[in-house]
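This briefing walks through a few local features of one model, grouped by topic. Please keep the sequence and the structure at hand while reading.

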Amino acid sequence: MADKFKIVNGLNEDSDDDEGLEQKLDEDWEDWKTDEEYEAEEFICLFCDEKYKSIESVFKYCSSNHSFDFQSIKKTLSLNFYDSFKLINYVRSQVAENQGWSWSCLENEKRCWEDDKYLKPFMNEDSLLHNFWEDEDDEEEDYAMAVDKEEILMELENNQDVEMNQLMDEDIMDVVPSSKENGSEDRFPESNGSLDMLRSLEKVTLNGGVAGKDSESSNNKEKRKLGKVSFANVVAKEIKTVNENYFGAYGKFGIHREMISDKVRMDAYRGAILNNPSLMNNATVMDVGCGTGILSLFAAQAGASRVYAIEGSEKMASVATQIARENGMLYDANSSAGNEHCTGVVNIVQGMVEELDKVVQIPHHSVDVLLSEWMGYCLLYETMLTSVLYARDRWLKPGGAILPDTATIFVAGFGKSGTSIPFWENVYGFNMSCISKEVVEDASENPIVDVLDSRDIVTQNTILQAFDLATMKAEEMDFTSSFELEAKSDLSLTDGNAKSTRCYGVILWFETGFSSRFCKEMPTVLSTSPYTPSTHWSQTIFTFREPIALALAKPEADGMAKIGTESYPAAKIQARISIVRAAEHRSIDISLETSAVGVDASCSSGSSGGGESREILVQHLLVKEEDLKLLVEVQASIARGLDLSDLAVEYSICPSKDQGGMLGWVRKGQMVPEFEEAAFSAPLNKVVRCKTKFGWHLLQVVSEREEAVLQDVQPEEFHIKMQDPSFLEEAQLLDVREPEEITQASLPGFEVLPLRQFGSWGSEVTTKFNPEKDTYVLCHHGVRSLQVAKWLQAQGFKRVFNIAGGIHAYSEKVDPSIPTY
């Protein structure tokens, strides 16, 4: 399990000449200067004012006169580009402070230069920083041509300033899992983030600062372009290293044994492939990332006419070839046409799918079924999905099948038993809870991959994000999603005296669906939920710095107490999670913001007067408090007729800038007070200004509607409604239980929409059902139905009712003839 995420890269090495790289870069930066044009540059010694015409000369001088052998130090300490970059700036800073400083001063010190502050050049116009890496192996430089230009551009966008002064924001977690140490948890190390209790408008900064108005001089722009070119080779080398490690790790058999031993994983894929003959019979199949080739063998067994098994690891491609050959399924171009349908159809192709055209000629849009097991921790780690989408767009026929075709990320809150606190409270009879404090603090900065028991869950589950893999675009992998969590209704049953429960953090898990859209005979779902058998993916755990107390009944407001404490339990938790592809290739950045919402805040949306029952659709532009001049200029642009959404894309520092500043539908109690007051008092479509702790806002309410109703309906009340024939005609009744539950107990008139198959019906719900009609949702105990009811409300359904206690309560209180289970 841990080994799978020790992976950070791998790619076959294709060399091209330097002219190819120069031509490639020329397409994007036509006016960059060649190295020859900068031959006249002077390189200043790190320890004195001596100047030299070449890198070699200055480093030779540093070695002979100052006992500082840069190349040797770099090799001995295994310094990468960024470490070396920091080291040069560190040495210059120390020499500037103390002219007598020398490298020997560090003999008994730590690696002080590793501080990220040394990413900022100490000396302006330091030619050494632009050129010190150019003496690396030619073989590595040539590798830049093997990397997709879009990957280089994406990396360069994350390193826009050659001074590297936009460092990672402290609210971001770098998700870079490593192997397990000292226990059963897989950690995501080197996180800079904290899970602060923030309001829902808290700024999220991903991979550094967000740009404001561009006020650079033309000279600075030239330097930035030169800087991009200087970084291009480095970016290519880093991607190469990541890809080599990634595919190299998948060349170890332990990883494949672990994945093949995952029964949940294998049953889902095997069932989807073998139990849907109309999909696989005589189909042309492409398996992206085939590993041992097991899924390709299933496809051949199911009757595929040709299977292209693509594998980036050279070793595993060789192994998969041998396996297919020994099982009589390897494609032989010279074989006769009389082979059985499950024999000789698997063609193993070694290479990255993005470079497939260089290896084998597969007609574009000729594949019937695209197959891949691409999922990583938290679904998106490893970002292999981009390769799958690339293959889909290039080789899948119009209307062709992709397996799986849906993916959904879920979130829920967990309690104390989901942490290590209970362990330290009683160690062979001794109280060691002082350790747990440090452990919790560490866990709040480092997401953990581990298995949680469903009994550890203290809130309702909710959907964080859903993907339709048949239609989604790669940029949709980067998203921000808001959600609310309330305590599970059945917790009060276990302890009748308890008034609250503590939520110590949230967990994420995913489900991928092989829906009836393509798997017509037998759709299936692969789930990593804590409510189902565990998988090698486990769940991803985010721990709060401080737990949040959640009320099990309607809490009493205590104006003197902090919301979310035992004295004033929160009515709910409002949170927002952002997941984006990180600057480090194949990694992701995750940020989490949470706030405890009291009963007064939740009630304010329903209070009378001033249109508080409204929901408004609002967009905004945010600038820093000190950028008042920019704010005035933007206002002037709006007065001239420019659109706020276009200006938000260019100038806003809020993550909503990617959506033109659109915050979506909001109601009272969701925003910081200053913003809320301005938004709910603003005339429709008029741009108004307000100031909050985040800076200056220009906001615009572009639409409004009556706030949607979401409430529980008791089984007895619902039974009375069911006796009215017109009710069954006018209302929409949805049962979100699984098919096997329906066979045990059901109520008439309900349409079955299994929650585990959400990916297959979620995108159609607003067209299949009428958001204006009263909608009633049923499940077993009322938990899953409330989750779906909230989601329906967010989709614009005006009146949604959750049947409290589910069909179990209906059986006990209304109709005992309905079986309980």
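In this predicted model, Cys 48 is found in the loop that runs between strands β1 (43–44) and β2 (51–52).

**Around Cys 48**

- Cys 48 and Cys 62 are separated by 14 residues in sequence, and their C-alpha atoms are 9.1 Å apart in space.
- Once neighbours within four places in sequence are left aside, Cys 48 is in contact with Tyr 61 and His 66.

**Around Thr 292**

- Thr 292 sits in the loop that links β5 (284–288) to α12 (294–301), and its relative accessibility of 14% is why Thr 292 counts as buried, the cut-off for that class being under 20%.
- The side chain of Thr 292 reaches the backbone nitrogen of Ile 294 at 3.5 Å.
- Apart from neighbours within four places in sequence, the residues in contact with Thr 292 are His 256, Ile 260, Met 316, Ala 320 and Ile 323.

**Helices α23 and α29**

- Two packed helices are described by the angle between their axes and the distance between the axes.
- The axes of helix α23 (residues 715–722) and helix α29 (residues 806–813) come within 9 Å of each other and cross at roughly 80°, which means that α23 is roughly perpendicular to α29.
- On the α23 side the contact involves Pro 715, Glu 716, Phe 718 and His 719, and these meet Ala 809, Tyr 810 and Lys 813 of α29.
- Sorted by class, this contact of α23 with α29 has four nonpolar residues, one polar residue and two charged residues.

**Aromatic pairs**

- The count of aromatic pairs comes to 20, and one of them is formed by Phe 68 and Phe 70, a tilted pair with 6.5 Å from centre to centre and 40° between the planes.
- Phe 68 and Phe 70 are both buried.
- The ring centres of Phe 718 and Tyr 810 are 6.4 Å apart and the ring planes stand at 75°, so this pair is edge-to-face.
- Because Phe 718 lies in helix α23 and Tyr 810 in helix α29, the pair ties together parts that are 92 residues apart in sequence.
- Phe 718 and Tyr 810 are both buried, and together with Phe 727, Phe 750, Tyr 776 and Phe 801 they form one aromatic cluster.

How values were computed:
Residues numbered from 1 in each chain as written. Predicted model: local features only at pLDDT ≥ 70, side-chain atom pairs only at ≥ 80, totals over all residues. Heavy atoms only, no water. Helix = DSSP H or I, 4+ residues; strand = E, 2+ residues; numbered from the N terminus. Buried < 20%, exposed > 50% of the residue type's maximum accessible area, 1.4 Å probe, protein only. Polar contact = N/O pair within 3.5 Å; in protein donor to acceptor, adjacent residues only side chain to side chain. Contact = heavy atoms within 4.5 Å. Axes fitted to C-alpha atoms, helices over the stretch in contact; angles between N-to-C directions. Parallel < 35°, antiparallel > 145°, perpendicular 65-115°, else oblique. Nonpolar A, V, L, I, M, F, W, Y, C, P; charged D, E, K, R; others polar. Phe/Tyr/Trp six-rings, centres within 6.5 Å; stacked < 30°, edge-to-face > 60°.
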